[in-house]
Amino acid sequence: MAARKGRSRTCETGEPMEAETCDPGSEGPSQVYLPGRGPPVGEGEELVMDEEAYVLYHRAQTGAPCLSFDIVRDHLGDNRTELPLSLYLCAGTQAESAQSNRLMMLRMHNLHGTRPSPSEGSDDDEEDEEDEEEQKPQLELAMVPHYCGINRVRVSWLGEEPVAGVWSEKGQVEVFALRRLLQVVDDPQALAIFLRDEQARIKPIFSFAGHMGEGFALDWSPRVPGRLLTGDCQKNIHLWTPTEGGSWNVDQRPFVGHTQSVEDLQWSPTEDTVFASCSADASIRIWDIRAAPGKACMLTTATAHDGDVNVISWSRREPFLLSGGDDGALKVWDLRQFKSGSPVATFKQHMAPVTSVEWHPQDSGVFAASGADNQITQWDLAVERDPESGETETDPGLAALPQQLLFVHHGETDLKELHWHPQCPGVLVSTALSGFTVFRTISV
């Protein structure tokens, strides 16, 4: 949580937490910071983190910033809540020069929580220093040269083989095998050998240059291993079908319907042949690949947002689609009522374009979003403010906040993308110009 020094800045279960005053030299009453709704950070004030609002909080930098990443499902087990935490990320850089870019596998481990361990209450300074050293977070990094900026990365498992789909600035979509990278980040000796002798020889196992321009939209089917969708800035969407021998057949006939850049794609989690798309033409469309590409669009909401629709997320547990646009709005669409063209909920907390949205993988009503206003917000559709609590009378500013807003996280610069960890409940990972952040709040 980002806060002015001396003040808490979080919305927890719809209500703010308070600390002392913003001016370290004053003893005035506590105030609640409302991003975009209250006074801006003043001279002499500093945004700081309230560690009590986080169960886990770590940051990491990898040199060049990463526009996109994905969390790699691992074999460490599901529903992991015990700390310290370990996780694996696959990311692509946007370096200043094309030849400086890398596709990376990150292993973050020894991630301890923000709560002090029992031994930290000891009077033995030497023992405390040893504990602090043991609790330092660790990062292993295996890199593969990629001679162009990477727009988007998405990871899937084809049986026991992990692969990454990579959209590049040069207009190609490539598939990389990740098994070797996953092996070496677990073994320091193997990592040293890989970086010295092997990394320059790693090439994509498949590439497609038929988009005729760059793009961002890419999604692996959660139901049919190896089935892939890619969408470009020229309004075209192509279907990839896996073939025997670890290759793909890419249909050269694009799905036709959007009139501007395809920004994001999402497969249905319940139907093998259905997917959703969103576009800079302000629309969201639902498609069925059983129809010919020119006739596959089954449902359309032509004006889903006031401007570009940047991102969508299809709930794995409910018939809901979540969207975020250049208008800063977050909208929830009930697919059973999609023909109506009206969302079942609209939230306006972000003061700039929404850059990423994602439903919580276990909790059906919870989702997270990031924006170009450098906010990460957490939401719960099930939350309603108690009208008899009197809290809005205590602080009238609360009345302006959406009831479903759980938490507002600050502190990043130029936020691009976020993902919930599918195996570690409540853990969020984000990427920004300022680097990666791994955190879990007290709210989720």
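Me: How many salt bridges does the count come to here, and by what rule?

Reply: Side chains of opposite charge can pair when their charged atoms come close. The count comes to 16 salt bridges, a salt bridge being a side-chain nitrogen of Lys or Arg within 4 Å of a carboxyl oxygen of Asp or Glu. This is a predicted model, in which local features need pLDDT of at least 70 and side-chain atom pairs count only at pLDDT 80 or more, while totals for chains, interfaces and linings use all residues. Residues are numbered from 1 along each chain as its sequence is written, and side-chain values use heavy atoms, with hydrogens and water left out.

Me: Are the partners in the bridge between Asp288 and Arg290 buried or exposed?

Reply: Asp288 and Arg290 meet with 2.6 Å from N to O; Asp288, with a relative accessible area of 10%, is buried, whereas Arg290, at 65%, counts as exposed (buried is under 20% relative accessible area, exposed over 50% and partly exposed in between, with a 1.4 Å probe and protein chains only). In the bridge of Glu174 with Lys170, at 3.6 Å from N to O, Glu174 is buried at 4%, and Lys170 is partly exposed at 45%. A network of salt bridges also links Arg107, Glu140 and Asp186.

Me: Which residues of helix α3 are buried, and where do they lie around the axis?

Reply: In α3, residues 188–198, the buried ones are Ala190, Leu191, Phe194 and Glu198 (helices are DSSP runs of H or I with at least four residues, strands are E runs of at least two, and both are numbered from the N terminus). These residues cover an arc of only 105° around the axis, which puts them on the same side of α3, the arc being that of the directions from the helix axis to the C-beta atoms. Pro188, Gln189 and Arg196 are exposed on the other side, and the cover over the buried residues includes β9 (138–145) and α2 (179–184).

Me: Which residues touch the most other members of the largest nonpolar core?

Reply: In soluble globular proteins, nonpolar side chains tend to be buried together. In the largest core, which has 21 residues, Cys90, Leu103, Met105 and Ala142 touch the most other members, a nonpolar core being a set of buried Ala, Val, Leu, Ile, Met, Phe, Trp, Tyr and Cys residues joined through side-chain atoms within 4.5 Å. Among the elements that each supply at least two residues of this core are β7 (85–93), β8 (102–111), β9, α2 and α3. A second, separate core of 18 residues includes Leu87, Ala91, Met108 and Val427.

Definitions and conventions:
Contact = heavy atoms within 4.5 Å.
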